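Open the model in your viewer and keep the sequence panel beside it. This tour goes from stop to stop, saying what to select and what is there.

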Amino acid sequence: MKIGRWACLMGLLLWQFALQGQSSTNAADSLAQMLQQANSPQERVTVLQNLVQANWSSDRDQAKAYLRELEELSGQLESDSITAFVYLHQGHLRYQAGEYETARALYEQASQLYEKSGLLSPALQCQARMGIMHSLQGAYSEAEALYRPALRKARQVGAADAEVFIIAQLGTLFHYQGVFDSAQQYYNAAIAHYRESGDSLYMTRPMYNLAVLQTDAGKYENSLQTYTAIYDFQMSREAYEDVMITLEGLSQVNKSMGRLSDAADNLLEAYHLSEQLGDLRMKAQALLGMALIEGEREAYDLCKSYLRETLSLSLRLENADQIMAAYYRLGQLYHGLEQYDSATVFYTEALSLVDRFDSQRYAPAFLLHLGEVYVDAGKLELAEETVQRLGAYQPSTFGGQDFLTYSRLQGVISEAKGDHQGVIQYLSPSYEAYRKNRIYREAEKDALTLMNAHKALGQTDEALYYAEAIHELRDTLDQSKDLERLAEQRKDFEFQLEKQKLEVEQAKEAAILKAQATQNLILAIGGLLLAVLAFGFFWYTRRKNQTIELQNQQLQQLNETKDRLFAIIGHDLRKPAIAFRGITKKVNYLLRKKDFTTLERLGAEIEQDAAGLSQLTENLLNWALTQRDVMPYQPTQLKLLPLLEDTAAPFQTALQNKHLDLEWAIPEDTVIFSDANALSTIVRNLLDNAIKFTPEGGRITIEGTSDEGLFRLKVRDTGAGMPPEQLKELFLLKKGRTQPGTAGEKGSGLGLHLAHELSKLNQSTLGVSSNIGKGTIFTLSLPLKAT
């Protein structure tokens with residue numbers, strides 16, 4: 001068989017596997033059979049190159065074996081292109097081991113040999129890979145200096161593959177630097193390039209990068225859409241190995257949005273796929289993600305179980321990255337639970353394996369955390385030994401937070417030993433860093449320790465400097481508190497001022513009414529001269545007095561309503577708003593501690609408070625519009641079911657958190673005559689009320705039937721129900737504490753009042769019936785057509 005025909009057969013075989021979505025294992029098996037049939041060194045080279053690529057993701061050890069055989073053949077054949085292929089993949093191995101300088105040198109050799117062989121496209125791609133190594137080392141200017149000329153040359157020679165590869169890497173470069181707009185432009189350009197060329201298979205690569213970028217930029221909805229598009233494409237191709245990676249990305253986005261149940265479902269799907277495919281590496285990765293979610297849920301026993309299974313699988317596979325990740329998470333978990341002996345075991349075991357798995361880059365982080373465990377456990381001698389072991393590593397290789405931890409550890413140990421010079425040497429950098437970043441509480445702690453150290457050494461000027469710094473930091477902290485108090489007092493003053501203004505207006509109106517009553521009485525007395533006029537004046541005065549009494553009642557009710565509104569604003573609205581104060585400090589503190597579990601839980605709580613605050617604010621706005629008679633009312637013929645589904649969509653998380661079932665019994669073809677915004681607000685408040693007062697495991701039903709030109713929409717729950725005396729005043733906005741929900745949810749009492757007001761505006765009626773222990777039914781009667 002001639003070489004050209006053989007190579008063509010190789011390309012066709014791999015292309016068919018890609019299109020049919022078959023696993024790389026199947027491709028490797030077929031290629032292995034062809035290797036046995038190869039009759040010449042050139043034919044073996046062609047098959048071996050494809051075998052290296054086919055096994056690269058699924059069986060790295062086998063791929064290395066094929067690469068070694070290929071290296072031997074390249075020496076026999078003296079082929080620059082084959083040697084370049086070997087250097088390229090050796091560079092990949094060094095890159096994955098974190099040896100970026102060595103990888104860059106191998107990519108450079110591969111580029112030169114490819115160019116010497118006249119293969120410009122792979123040569124330019126190797127130049128781009130050299131840029132990637134610079135980016136990973138933070139040398140962004142050097143990376144861009146490689147990308148730009150390589151991109152120009154690729155365009156000049158028409159090397160489309162290299163061009164789109166470099167465009168995608170430029171996107172990654174700006175992504176690393178946090179320049180999200182530029183990164184997104186390059187990613188979109190790469191996606192468009194692949195789409196135009198019809199290469200939809202490779203298009204998912206920049207799409208995946210774009211999804212990660214959108215997550216990093218906090219554009220979670222956009223990220224979900226991008227990941228979902230990738231997932232759908234990969235599923236259509238049955239590319240299940242890639243699907244598992246995409247599911248992991250989807251899980252990260254859902255986790256960032258506080259949707260832990262959705263995130264867990266994504267990983268569970270990846271776990272089942274990995275079992276079906278026998279992919280133990282991905283199974284371990286899914287288990288690791290599931291462990292982190294259970295840790296977030298504080299299900300620590302389940303978290304431990306998942307982490308131990310991850311560790312077992314990773315050790316079996318000898319996957320260094322997963323092994324170190326599992327040990328790291330186990331150590332963190334037990335450290336957080338104050339089980340210091342167990343945390344010590346996991347960190348120590350990990351350190352014993354770094355040489356075996358060529359993972360020295362992980363050693364400083366494990367040593368730092370081990371030192372922290374010893375300090376928290378009061379074992380300062382062991383902590384000191386650990387810090388001494390850290391001396392073998394360059395502090396410049398530590399991350400920013402790790403460097404501060406390193407300094408803090410040495411400072412604490414020096415203080416315990418009475419080594420005041422050591423305290424000054426090690427805590428000075430952390431003090432400066434905390435002060436520069438306005439982390440005043442931590443800076444104050446370091447300043448106090450430094451002051452005492454200088455004082456003990458008799459260094460009066462330095463001690464005085466830190467004493468003044470402490471006063472300045474405390475003043476700054478006190479000023480922050482004063483500003484918070486002033487802001488709170490200002491709001492209280494504004495509330496009182498508005499209330500006084502209303503009271504003055506009411507007194508003025510009452511005085512006017514009183515003056516009118518007096519005037520009418522005088523006219524009545526004067527009318528005694530004429531009996532007919534006297535009777536008329538008497539009748540007029542009586543009616544006027546009745547009007548005044550009615551107005552007084554209305555004013556009293558309005559005053560009570562406004563008092564209730566001020567109470568809502570002053571308590572229910574202000575309480576979550578005040579709760580947001582100090583969030584930045586909490587977030588910064590948790591970031592310094594690397595307590596991502598608490599940080600994510602805090603994010604979920606903030607999201608929940610923000611959702612409640614948004615609901616209350618919208619209700620207040622709608623109430624204000626109804627009171628001023630400026631609430632827009634634009635009724636049209638509406639399809640009811642889509643509107644109800646859109647209204648219920650934001651409540652999915654609340655339903656899941658309480659394990660409530662939401663059932664529908666609305667005919668799909670139902671059309672009613674109503675204002676969409678008003679109807680949506682009514683249903684939203686009714687559904688919110690049902691969720692609030694239905695215990696866990698309960699059921700909420702939205703159903704309806706047509707009857708005599710009306711559609712009876714019912715929101716039925718299986719809650720505790722209400723007594724008759726509560727039903728009488730249910731829609732009134734009155735003083736007094738509102739009843740908390742079954743899970744302690746807070747309420748303002750405004751939602752049902754607003755729903756009742758809007759139902760009248762919407763030419764509909766809202767009724768309620770309830771039985772103690774059986775639940776409550778709200779019935780909204782809506783016109784089917786315009787009348």
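**Before you start**

This is a predicted model, in which local features need pLDDT of at least 70, side-chain atom pairs count only at pLDDT 80 or more, and totals for chains, interfaces and linings use all residues. Residues are numbered from 1 along each chain as its sequence is written, and side-chain values use heavy atoms, with hydrogens and water left out.

**Whole chain**

Select the protein chain. Its secondary structure comes to 32 helices and 7 strands. Helices (H or I, at least four residues) and strands (E, at least two) are DSSP runs, numbered from the N terminus. Colour by burial: of the 787 residues, 43% are buried. Buried means under 20% relative accessible area, exposed over 50%, and partly exposed in between (1.4 Å probe, protein chains only). Next, contacts, which means heavy atoms within 4.5 Å. Among contacts with a separation of 6 or more, 62% join residues 24 or more positions apart.

**Helices α13 and α15**

Select residues 240-256 for α13 and residues 280-296 for α15. Two packed helices are described by the angle between their axes and the distance between the axes. Here the axes come within 11 Å and cross at roughly 10°. Axes are lines fitted to C-alpha atoms, for helices over the stretch in contact, and angles run from 0 to 180 degrees between N-to-C directions. α13 and α15 are therefore roughly parallel to each other. The cut-offs: under 35 degrees is roughly parallel, over 145 roughly antiparallel, 65 to 115 roughly perpendicular, and the rest oblique.

Show side chains at the contact. From α13 come Met244, Ile245, Glu248, Ser251 and Lys255; from α15, Met282, Gln285, Leu292 and Ile293. The residues of this contact divide into 5 nonpolar, 2 polar and 2 charged. Ala, Val, Leu, Ile, Met, Phe, Trp, Tyr, Cys and Pro count as nonpolar, Asp, Glu, Lys and Arg as charged, and the others, Gly among them, as polar.

**Leucine 317**

Move to leucine 317 in helix α16 (residues 300-317). Leucine 317 is partly exposed, at 34% relative accessible area. Which residues does leucine 317 contact, leaving aside its neighbours within four places in sequence? They are Leu280 and Arg281.

**Aromatic pairs**

Show the rings of Phe, Tyr and Trp (its six-membered ring); they pair if their centres lie within 6.5 Å, with planes under 30 degrees apart stacked, over 60 edge-to-face and the rest tilted. The count comes to 9 aromatic pairs.

Select tyrosine 208 and tyrosine 227. This pair is edge-to-face, 5.5 Å centre to centre, with 80° between the planes. Tyrosine 208 is in helix α11 (residues 200-216) and tyrosine 227 in helix α12 (residues 220-236), 19 residues apart. Tyrosine 208 is partly exposed at 24%; tyrosine 227 is buried at 3%.

Go on to tyrosine 328 and phenylalanine 366. They are also edge-to-face, 6.1 Å centre to centre, with 75° between the planes. Tyrosine 328 lies in helix α17 (residues 320-336) and phenylalanine 366 in helix α19 (residues 363-376), so the pair ties together parts 38 residues apart in sequence. Tyrosine 328 is buried at 17%, and phenylalanine 366 is buried at 2%.

Then select Tyr327, Tyr334 and Phe346, a cluster linked by ring pairs.

**Strands**

Two strands pair if DSSP finds at least two bridges between them. Select β2 (residues 661-665) and β4 (residues 699-707): they pair in the parallel sense over 5 bridges. Tryptophan 664 has isoleucine 702 in β4 as its bridge partner.

Glutamate 703 stands opposite lysine 714 in β5. β4 and β5 form a hairpin with 2 residues between them, and glutamate 708 in the turn has a positive phi of about 55°.

Finish with β7 (residues 775-783), which pairs with β5 in the antiparallel sense over 7 bridges. Valine 715 stands opposite phenylalanine 778 in β7.
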